[in-house]
Every structure is written in structure tokens, then in C-alpha cells.
Amino acid sequence: MRMSKLLMPTLREVPAEAEITSHKLMLRAGMIRRLAAGIYSYLPLGIKTLQKVEKIIREEMDAAGAQELLMPALLPAEAYMASGRWEVFGASMFKMKDRYDRDYCLGPTHEELFTQAVIDNVKSYKEYPMTLYQIQTKYRDEGRPRFGVMRSREFVMKDAYSFDTSDEGLDVSYKKMYDAYCKIFTRLGLDFTIVDADSGAMGGSGSQEFMVKSPVGEDGIAYCEACGYAANYEKAECIPQPKEADAEEKPMEKIHTPNVHTIEELVSFLGAQPYDFAKTIIYKADDKYVAAMVRGDREINEVKLKNLVGCIDDLELAEPFKVREITNAEVGFAGPVGLNIPVYADKEVSLMKNFVVGANETDMHYKNVNIGRDFTPFEVADIRVVEEGDACPKCGKPLKTAQGIEVGHIFKLGTKYSDALGLRYLDEDGASKTVTMGCYGIGVTRCIAAAIEQNNDEHGIIWPVSIAPYEVTVIPVNSKNEEQVKAAEEIYERLKAEGVDVLLDDRNERAGVKFNDADLIGIPLRIVVGKKCGEGIVEYKPRRGGETEEKTTDDAVKSAVSFVKGNI
Ligand code: ATP
Ligand code: MG
């Protein structure tokens, strides 16, 4: 491609709308432009990279035996109503009506439609196992679209669905996708971690996420360097390390704690430590109320709690008037003793001795409270957020924590959708059985942003060769020097003939401008044709950490070809 013809509106200034590096660089490199909140157009450099990412994904999906098809994005409501997700998606689903007042949505994910497609088109058990996939645009009306294509409202996803006649079959299909994902993310040049993920209260027997560690990631992950355990915060567990678990139980005492509402206030009032307390939080879980208890210095993991309670909607903190009604006290004095709603206590709390809790009476607390003697929880389970340094649930060594960008998610669905929609098969003996499913997503456009987050410097993007919009750029220093222009053209043509994706910077610009643009848009290799071109010498410089080397034209072409082929 000749840069004089390339639509590449690079920006010198950092656009005000962008907070994170990848978003800034995608805008500055002229890859994308914003049309509305969370909605982006891809310009030529953007689409080139997007297509390369798609190609890698397609190759690995095909190699794993998955078949590509393409579903519509505009979808009738029926299947989503049958699965219950018309309601579950709530405000994040783009819904609309057609001219006959029929309900439609823009597909946020396609489990229902693929299930329906198999019901409609697969006639014999002999056709299973089967994995189908598509690379397609998804729509989610995200509460907080941000970070450019990282969390957008229209984005490209690769979604695959496996269909098996047994759980063992599902395990095999799942493992194939797992392996394919490892190959894909490696080929995309991403440094990734695979973590155990929450599979929700509603069916599903296992789920893993592919995370790219990055401070801008929106998911927390906990991992153990000693044994390799890794999990999303939503799921991560640890071994409780109780303080004074063997202490002798003291008599419970009610104490007057005027104007003490928070743990911090209580700590200074009683001269104790946060771990001497257990906090009790009241939640609304669908149409009932429950209490959850964790140690004073811990946080409740609302995903774990939701799964335990088994509610449909996300938990919400109980309204203050409800807290007053349930506890007979002002907010801040809730406690488990005598409380008449189910109390879910964290494992760690169950190992504490002689601790302080609210007394369900304004300005009052109990001290020396002991579980079993003074109250009995409805259920004891792990309901807290793990923290850096907690003991690994597998090996007991201290856990580390990091932020991660979720680029992929694989999920054993089981029979949730096949049951809801009626996907069954007749086995050899003519008995009717349910098909078991898995689903497997990759955030195609998010991968681009993640790759930039991991590969950049102060000058711009440093593309992994596999997804660079162009692999090599050839730059004549002086575009008015005929000898240089001719030599650059020649190198450009030779590289093209070798199948290299090459740019020729034939613009009538200063050399500095050309170099800056090449760095900004992240081209992995640059060949500069300057003063020594008369002697057949050019400059050769890899974008990543490379020194400039002088090479003969022939050598530069050969090296460039092997650099590109060796890195794809
Ligand atoms: P998140 O937790 O980030 O909202 P999710 O778990 O809801 O994502 P999935 O339903 O698992 O997403 O979708 C599969 C993949 O699609 C995700 O792993 C992610 O890479 C990508 N993805 C999801 N939502 C978005 C979005 N709003 N913008 C870009 N990519 C997205
Ligand atoms: Mg997910």
C-alpha cells in the first residue's frame, strides 16, 4: 500500500475522550473513530488488524473441527423469551419493535439461536458431536461503555457452541476449544492467564476465562505462583486463617456504642482491631431479604453470595427503611443474634471467637459473641472477596492479585438451553435424551485493544507481527530524491512479491514525520532508504527494541521476509 493513498488520519494530540493507552493510540493511529458512546467505525488500519485477528481465530476454530456459519444480528424475541433471558438481560439488551408491533432485539450473544438452529437442522444423533461458530457483531447496551473498543456497545465476538450427547463428550469438545484458545491468544501475541470463572447459579458445570493481565483490566484475578491456581475474584477462594480460633468462649455482653456506625468508628471506640468484628449486611435477593456476615476487614463477594442464595437478579443492598424494619434499629447496628431472616456467614466468621457484632438495637453492640452458642447461621460458606496474601486454596502459599482484561470465556453450559428450548435427540434405541452444550466466546475487537495495552511505548503501538496492519514500511528519506524513491519502490515491489504486507511511505513529508507515523501506527519493521542508497545500503530497524542496522538492499529484503515469516 502506498501511504499517499492510505486513509490514515493520525492525530498528534491525545484525544480528550480517551482514558487508557490502547484507546488513545487507536484514535491517534487513525484506526477507529467514535460515532456515539461505545460505537466505533473502523478505518483502513483498524479493519486490517481486525481482519488479521479474525483470520487467526478462524484458522484455529476450523483446525479444531468447528464449523463456521453466520446468524443474523436482528433477532425475533421468541427464543430469548423461552430461555428467560429477554428479562434477564434487562436494560443491557437493545430491544425494538417492527412495523407490526412484534418484538425484536439486537443479539447480545446467541446461545438460544444456535440451539434453535440445531433443533431445526440436525436430524440424527449420528451428527453429534458438533461445534458451530460465527464471527459476528454483538450488541449490548452496557451501563458504562468505555475504553474505546474494550467495552463498547457494538463489538465483534467469535462465539462457538458445542453440542454433545454426553457429559464426557462435552468434556472433549470443551478441551478442544480450550486448546484452540491457547493457540489463538498465543498467535495474537498476547501474554495471557487462564482463570477459573464463576458459572452462575443457573446450571453450568465449569467455566474458564482467558485474561490478559493489565492495570486497566476490569476483572480482578487471584493467582498462586507456587502451584498455578488462578481464578477470577468472583470465584477465587482461599483457606481461612482464623485468629485465636482456640480461645475460650467468654460470656456475651451487650455494650453501649453511641453514634458508632462504621467499622472504623467502632474500632477506635472499642480500641480493638477490624478483625475482632463481624459485619452483618442485609441484602434484597429477588423478593426476600437475607443477611451476610464477613469479618470486619473483609468484603462480601456478591457473586458467591448470589449463587449461594440462588436468586435470579443481582443482589441489592436492602433499602434503609427495610433495614430498620428487619433489625428494629438504625442502619449500622445489624447483627445475627435474634435476627429473623436467613444469615449466611463466611467460613472465616465461623472460626472466629469472642467477636463483636451489631445488637439490632440503635447504639448497641454485642461483644464476645460465638457462633453456635449465640446464633446459628442458615448457612456457612465462602462468601468473601479474596485478598493479596490470602492462603491459596490448593497449596496454602500466599495468593497474588492482579487486574485482567477478559478476552475469552469458555463455559460448560450443560442442558440449560437445550432444556429451555427442547433440543433433544433419539439415541440408537429410540430413547429421547437431552443434548448437552458448551459455549465459547472471544472478544475479537477487545483483543485488539488488549494487544495494544501489552505492546506499546511512548512513541506508539508496537504490533505483534501477526496482527500488524502492515508488517514492513519502506521509507525514502527524501521523497524528492529520485534515486532514493526508485530504490524504495524496488524494495517495496520485491517485498510485495514475497507476500509481505508492506507500506511504501511515498508521501511528500519530512523524514521525521514519516518516522513518527511509522512508530505511532506500530509497523514492526522499517527499512529506510537514505543517503547511502547509491552504494546499495539501506537502514533496517525492528520497531521493538531494535538497533538500526545497515544492510545491503538484498540482505534487507531477505531479512525482512524471514523476520515476517518467522514471526507469524
Ligand atoms: P464482561 O464481563 O467484560 O462484561 P462478559 O463476561 O459479559 O464480559 P461474555 O458474555 O463472556 O462477556 O462474552 C464473550 C467475550 O466477549 C468476552 O470474554 C469479552 O472478551 C467480549 N466482550 C463482552 N462484552 C464486551 C463489550 N462490551 N465490548 C467488547 N467486548 C466484549
Ligand atoms: Mg464472560
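Biologist: Leaving aside its neighbours within four places in sequence, which residues is R151 in contact with?

Modeller: R151 is in contact with E142, R144, P145, R146, E218 and R446, where contact means heavy atoms within 4.5 Å. This is a predicted model, in which local features need pLDDT of at least 70 and side-chain atom pairs count only at pLDDT 80 or more, while totals for chains, interfaces and linings use all residues. Residues are numbered from 1 along each chain as its sequence is written, chains are lettered from A and ligands numbered from 1 in the order in which they are written, and side-chain values use heavy atoms, with hydrogens and water left out.

Biologist: Why does R151 count as buried?

Modeller: Buried means under 20% relative accessible area, exposed over 50%, and partly exposed in between (1.4 Å probe, protein chains only). R151 has 19% relative accessibility, and therefore counts as buried. R151 is found in the loop between β7 (130-139) and β8; strands are DSSP runs of E with at least two residues, helices are runs of H or I with at least four, and both are numbered from the N terminus.

Biologist: What makes the pair R151 and E218 a polar contact?

Modeller: A polar contact is a pair of N or O atoms within 3.5 Å; within protein, one must be able to donate a hydrogen and the other to accept it, and residues adjacent in sequence count only if both atoms are side-chain atoms. The side chains of R151 and E218 are joined at 2.9 Å.

Biologist: Which residues come nearest to ligand 1?

Modeller: R140, E142, R151, S152 and E406 come nearest, out of the 14 residues around ligand 1. A residue is near a molecule if one of its heavy atoms lies within 4 Å of it.

Biologist: Which elements give two or more residues to the shell around ligand 1?

Modeller: They are β8 (154-164) and β21 (400-414). With four residues, β21 gives the most.

Biologist: How do you know that the buried residues of helix α9 lie on one side?

Modeller: In α9 (residues 320-327), the buried residues are K322, V323, I326 and T327. They cover an arc of only 115 degrees around the axis, which puts them on the same side of α9; the arc is that of the directions from the helix axis to the C-beta atoms. An α-helix has 3.6 residues a turn, so residues three or four places apart point the same way. The buried residues of α9 pack against β14 (278-285) and β15 (288-295).

Biologist: Why is V465 called buried?

Modeller: V465 has 7% relative accessibility, and so counts as buried. V465 is placed in the loop between β26 (460-461) and β27 (472-476). Not counting residues up to four places away in sequence, V465 touches E471, P524, F563, V564, N567 and I568.

Biologist: What share of the protein chain is buried?

Modeller: Buried residues make up 53% of its 568 residues.
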